[in-house]
Amino acid sequence: MGKVATIVVIVIVLYVMSLGASYLMQATGADKIVVIHIEGQIGTTSSIPLSQEGVTAESIQRFMKAAEEDKNVKGILLDINSPGGTVVASREISRTVEAAKKPVVAVIRDIGTSGAYWIASAADKIVADDLSITGSIGVTASYLDFADLLRTYGVTYNQLIVGENKEVGSPLKKLSQQERSFIEEKMKVIHQIFVDDVAQRRRLSEENAKKIADGSYFLGREAFALGLVDVLGGRREAIKAVQQLASIPEEEEPTVVEYQEERGLLDLVSRLE
């Protein structure tokens with residue numbers, strides 16, 4: 001059997017095995033704690049390519065809704081390992097978490113920065129490893145500039161627009177100082193909303209709010225000192241925190257249920273490339 005045929009067979013077998021698992025891995029019984037994973041880039045369905053690892057606002061909102069509607073679910077654990085993502089998707093998830101009627105705890109074991117921390121800040125409690133990377137409360141925007149490359153090869157870019165800011169950020173021309181100022185003003189608005197959300201949710205002093213506003217990232221132990229996290233620890237401590245907030249007796253062993261996206265055939269193929 002050739003190499004290509006072998007890969008096809010493996011893909012088909014893996015796909016068939018995955019068909020038995022729904023994206024909501026349900027468990028029967030009372031006093032369940034649901035774990036929702038936020039890993040990789042955060043975006044919307046249209047902003048994350050099929051081949052890229054990440055989560056969408058739509059899937060997290062769907063999981064949150066399912067957990068809220070299941071009467072046996074007593075609390076929710078957000079297992080975060082993400083450097084952040086798009087502004088809109090991060091804020092959408094953040095608002096969904098903030099509006100949850102059931103206790104929500106976020107745990108950051110490796111990294112939970114930028115938009116991922118925005119989401120974590122909406123939880124009732126944040127647990128982080130003392131050596132994790134958190135914070136980075138800032139906004140970034142970038143683009144490729146091909147203007148000099150076009151000039152080198154004698155390619156002329158003719159700009160025909162109505163409205164002086166219509167092509168702000170076009171990679172085919174140099175960014176003027178006026179355009180740069182235009183973009184930076186928009187970014188400042190987004191950044192201020194981000195900082196205000198975190199400061200209000202975490203009840204930060206004015207001094208600590210200023211410290212986090214420069215986009216710096218912090219180790220978990222530093223974040224704890226600043227009031228950005230509540231408990232230093234890992235998943236075990238996070239589950240215990242959910243149990244306490246949900247008033248599940250300590251002597252009782254809650255059922256922990258993982259909510260995960262179902263992987264389709266195209267996902268498996270893309271990961272073999």
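What follows is a conversation about a predicted model.

Q: How many helices and strands are there in the protein chain?
A: The protein chain has ten helices and ten strands. Of its 273 residues, 38% are buried.

Q: Let's take α2; how many residues does it have, and what does it reach from its first C-alpha to its last?
A: Helix α2 covers residues 57-69, which is 13 residues, and it reaches 18 Å between its first and last C-alpha, close to the 18 Å expected at 1.5 Å a residue.

Q: Which residues in α2 are buried?
A: The buried residues in α2 are Ala57, Ser59, Ile60, Phe63, Met64, Ala66 and Ala67. As background to that pattern, an α-helix has 3.6 residues a turn, so residues three or four places apart point the same way.

Q: At what angle do α2 and α3 pack?
A: Helix α3 spans residues 87-98, and it packs with α2 at an angle of about 10 degrees, the two axes lying 9 Å apart. Because angles under 35 degrees count as roughly parallel, α2 and α3 are described as roughly parallel to each other.

Q: Which residues meet there?
A: From α2 there are Ala57, Ile60, Gln61 and Met64, and they meet Ala89, Glu92, Ile93, Thr96 and Val97 from α3. The residues of this contact of α2 with α3 divide into six nonpolar, two polar and one charged.

Q: Switching topic, where is Thr113, and is it buried or exposed?
A: Thr113 is found in strand β5, residues 104-113, and it counts as buried because its relative accessibility is 7%, below the 20% cut-off for that class.

Q: What does the side chain of Thr113 reach?
A: The Thr113 side chain reaches the backbone oxygen of Pro83 at 3.2 Å. Leaving aside neighbours within four places in sequence, Thr113 is in contact with Ser82, Pro83, Gly84, Ile133, Thr134, Gly135 and Ser136.

Q: What about Ser132, where is that found?
A: Ser132 is found in the loop between β6 (125-128) and β7 (133-135), and it is buried, with a relative accessible area of 0%. Its side chain reaches the backbone oxygen of Asp129 at 2.7 Å. Not counting residues up to four places away in sequence, Ser132 touches Ile108, Arg109, Asp110, Phe218, Leu219 and Gly220.

Q: Last one: what covers the buried residues of α9?
A: The buried residues of α9, which runs over residues 235-245, are Ala238, Ile239, Ala241, Val242 and Gln243, and what covers them includes β1 (32-39), β4 (73-82), β5, β6 and β10 (255-259). Helix α9 is followed by Ser247, whose phi is positive, near 60 degrees.

Key
Residues numbered from 1 in each chain as written. Predicted model: local features only at pLDDT ≥ 70, side-chain atom pairs only at ≥ 80, totals over all residues. Heavy atoms only, no water. Helix = DSSP H or I, 4+ residues; strand = E, 2+ residues; numbered from the N terminus. Buried < 20%, exposed > 50% of the residue type's maximum accessible area, 1.4 Å probe, protein only. Polar contact = N/O pair within 3.5 Å; in protein donor to acceptor, adjacent residues only side chain to side chain. Contact = heavy atoms within 4.5 Å. Expected span 1.5 Å × (residues − 1). Axes fitted to C-alpha atoms, helices over the stretch in contact; angles between N-to-C directions. Parallel < 35°, antiparallel > 145°, perpendicular 65-115°, else oblique. Nonpolar A, V, L, I, M, F, W, Y, C, P; charged D, E, K, R; others polar.
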